[in-house]
Amino acid sequence: MIIGVDYYPEHWDKEMWITDAELMAKTGIKLVRLGEFAWCRLEPEDSRFDFGWLDEAIGIFSERGIDVVLGTPTNCPPRWLCEQHPSVVPTGRNGSPNPIGIRGHRCVNDPVFLGYAQRIVAEMAEHYKDNKSVVAWQIDNELEANFCFCPTCNEKHREWLKSKYGTLQALNKAYGNVVWSGEYSSWEQIDPPYGDYNHAWLNPAYMLDFNRRASEDTVRFCNMQAELIRKYIPHAKITTNTWFCENMTDFYKTFENLDFVSYDNYPTTDIPKDTENIYTHAVHLDLMRGIKRENFWIMEQLSGGMGCWSPMSKTPRPGMIKGYALQAFAHGADTVVHFRWRTAAIGAEMHWHGLIDHSNVPGRRFAEFAELCGEAEKLASLRGTRLRSDVAILYSSDNEYAFKIQPQTYGMYYMEQIKLLHYAFAGLGLNVDIVGQHEELSDYRIVCAPEMYVTDESVVRRLYDFAESGGTVILTNRSGVKDSSNNCIQAQLPTVYSKLTGCHAEEYDPIGGDSVRIKFGDGDTFTGKQWCDILNADTAEVLAVYDSNFYKGNAAVTVNRFGNGRAYYIGTVGEKALYRKIALKILKDSGIPFTDSLPDNVEMTTRVGDEISARFIFNNTDVSQEFTLDGRNITLKPFEMMIEEI
Ligand code: GLA
Ligand code: ZN
């Protein structure tokens, strides 16, 4: 396994480059990421390129056996470019240009910007094509869907709609524009969602398309760079460092034409009181692995307390630096690059801490990081081993967008049931894949399809086929609600899934912050929150009923035999234990082995290879955990990872 760091030679005096590289080599660092924001130093004036300093830095690292990931600097066009060609700067929702100097100040559709971006990327690729130390390329930085409101983007949007709908009549129909007299009578009337108000006031069909197009713009921009790099370096390994942000690109389309996934991983240093939340890290990692169903990299990994645009967070507790990097390995990362080597002393991010503090005296966090490097070295033989899963959870970018556009009820968010279902199976020691909704399902035995809100007919068909041929599906509330345009389907919920689930909702109750009791046939009771589908069984067996509210006695959880398989339906958002109960029943019914002795937030995954396989057991809590595993008594310190060959 490989450990790297993110490094900014342009931030430090040259004398430091050598001492830094020496300490890196001594510590066991094998990789640095360079260059992703350095356009103003790589092209200080229009057409004058200066790679000398970067060559020198790369040379210093490569002499010490440290490889390089090069970032293309297209996230930050230099000031001279913005000044000469103001059109490169994106326009915000208020119709004015975005500020320069924060970063991300470029419109990925602006033809002038694209010309300059292509040129700097081509220059870099040409210059470094024979440099053996450059082992991978990162395109831009933390790409987001293109929420630019400039005239070029507005025109692009109209073109996109023209090619999707053909005629204005078709578009008006698909959007239901008759509502509030919103029908377009010319394409020029179609504007982006200007204004700083709640997007929920806007037409949801129009908003979903806007998001889809904005994502496609960014993906096209990314692909353009990848193709260009490959023109010079046919076998280049290309990625982009993705993340979870407000306007995300579609993960699956983003990486379709890239070689591997990389992710920026900043687990919280402030342990949430609600332990459900700590689960997020594992879920995100499994989602990253699921994008290409391949091992991935962490391109930025927690190294110190975080802060700058928000007040500073707690410094990582002892064990976190090492534990969270090993956790990434446990979930399928083969390379973890820490952000960043040393805390910046200049610029807006001076409070986002690296491994070494401003003092430049390596301290507690660095010592732990050095231990991690040693451990990673020992794990070298596990590189390339894979996680195999019987359980998949489906994720959809359309759903992610659609829930953001229209919040359903107080407290409800898309990832929550994904996390709860993930926890249910992963807490029983199983590997869990989180995959795109269009993924082939035949490798799996259990597919969780939570909140399948925006309907894609091909996904519906695949879920029916999966159950028909013997698989187990878990569906939940807010499934089959919308058609592919984001309009409501006019049938009893879960509409297109009703035959599969063998139940229907006669009404629903968005209870928001209230709770509800639900009771299983065996007397077990659980709390539900946020939402209650008031269910009636058609062909399904009722597993649990509501035990409070006016729908006391109506079904809350059902299971239906379908073909050779089964479909569960969960009508509310339950507490963790509810999902565990269902997971246990399914695993027992299907004869899939599980481990039920793991305490809360002790995570277990398995990586399998031809030569070697290993089990990773991680205490993702800040207290010691004692438990038994295969008849052995095990104690894990806070954030300790135990790795054992199997
Ligand atoms: C992101 C960015 C980095 C840096 C870190 C920390 O992940 O990619 O450039 O800004 O956040 O703030
Ligand atoms: Zn634009």
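View 1. Six of the six residues of β9 are buried, so the strand is largely enclosed by the rest of the structure; buried means under 20% relative accessible area, exposed means over 50%, and partly exposed lies in between, as computed with a 1.4 Å probe on protein chains only. Strands of a sheet pair through backbone hydrogen bonds, either parallel or antiparallel.

**View 2. The nine-stranded sheet and helix α3.** Nine strands, paired in parallel, make up an open sheet whose order is β5-β4-β3-β2-β1-β9-β8-β7-β6. At its edges are β5 (238-239) and β6 (241-242), each of which pairs on one side only. Helix α3 (residues 52-63) packs on this sheet, where it touches β2 (31-34), β3 (67-71) and β4 (134-138), and its direction makes about 170 degrees with that of β2. Contact means heavy atoms within 4.5 Å, while the axes are lines fitted to C-alpha atoms, for helices over the stretch in contact, with angles running from 0 to 180 degrees between N-to-C directions.

**View 3. The zinc ion (ligand 2) and its four cysteines.** The protein donors of the zinc ion (ligand 2) are the SG atoms of Cys 107, Cys 148, Cys 150 and Cys 153, which lie 2.2 to 2.3 Å from it; donors are N, O and S atoms within 2.8 Å of the metal (3.2 Å for Na, K and Ca), and sites may look incomplete because water is not among the atoms. The site is tetrahedral, with angles of 97 to 117 degrees among the four donor atoms, and four donors count as tetrahedral if all angles lie between 85 and 135 degrees. Along the chain, the donors of the zinc ion (ligand 2) follow the spacing C-x40-C-x1-C-x2-C. Distant parts of the chain are linked by the pair of Cys 107, in the loop between α4 (79-84) and α5 (111-128), and Cys 148, in the loop between β4 and α6 (151-165), which are 41 residues apart. Both Cys 107 and Cys 148 are buried.

**View 4. Trp 137 in the largest nonpolar core.** The largest nonpolar core has 198 residues, and those with the most contacts inside it are Trp 137, Phe 425 and Leu 463; such a core is a set of buried Ala, Val, Leu, Ile, Met, Phe, Trp, Tyr and Cys residues joined through side-chain atoms within 4.5 Å. Helix α8 (residues 204-232) gives the largest share of this core, twelve residues. Leaving aside neighbours within four places in sequence, Trp 137 is in contact with residues including Val 69, Met 124, Tyr 128 and Ile 229.

**View 5. Strand β18 between two partners.** Strand β18 (residues 565-570) is mostly covered, as five of its six residues are buried. Strand β13 (residues 472-476) runs parallel to β18 and is joined to it by five bridges, whereas strand β17 (residues 555-562) runs antiparallel to β18 and is joined to it by six. Tyr 569 in β18 stands opposite Leu 475 and also opposite Thr 558. In the hairpin of β17 and β18, which has two residues between the strands, Gly 563 takes a positive phi near 55 degrees.

**View 6. Backbone details in loops.** The peptide bond from Leu 493 to Pro 494 is cis, with omega near 0 degrees, and Pro 494 lies in the loop between β13 and α16 (498-501). Trp 180, although not a glycine, has a positive phi of about 55 degrees, and this residue is exposed, with a relative accessible area of 68%.

**Notes on the views.** Residues are numbered from 1 along each chain as its sequence is written, while chains are lettered from A and ligands numbered from 1 in the order in which they are written. Local features of this predicted model need pLDDT of at least 70, side-chain atom pairs count only at pLDDT 80 or more, and totals for chains, interfaces and linings use all residues, while side-chain values use heavy atoms, with hydrogens and water left out.

Technical notes:
Pairing = 2+ DSSP bridges. Helix = DSSP H or I, 4+ residues; strand = E, 2+ residues; numbered from the N terminus. Tetrahedral: all angles 85-135°; square planar, octahedral: opposite > 155°, others 65-115°.
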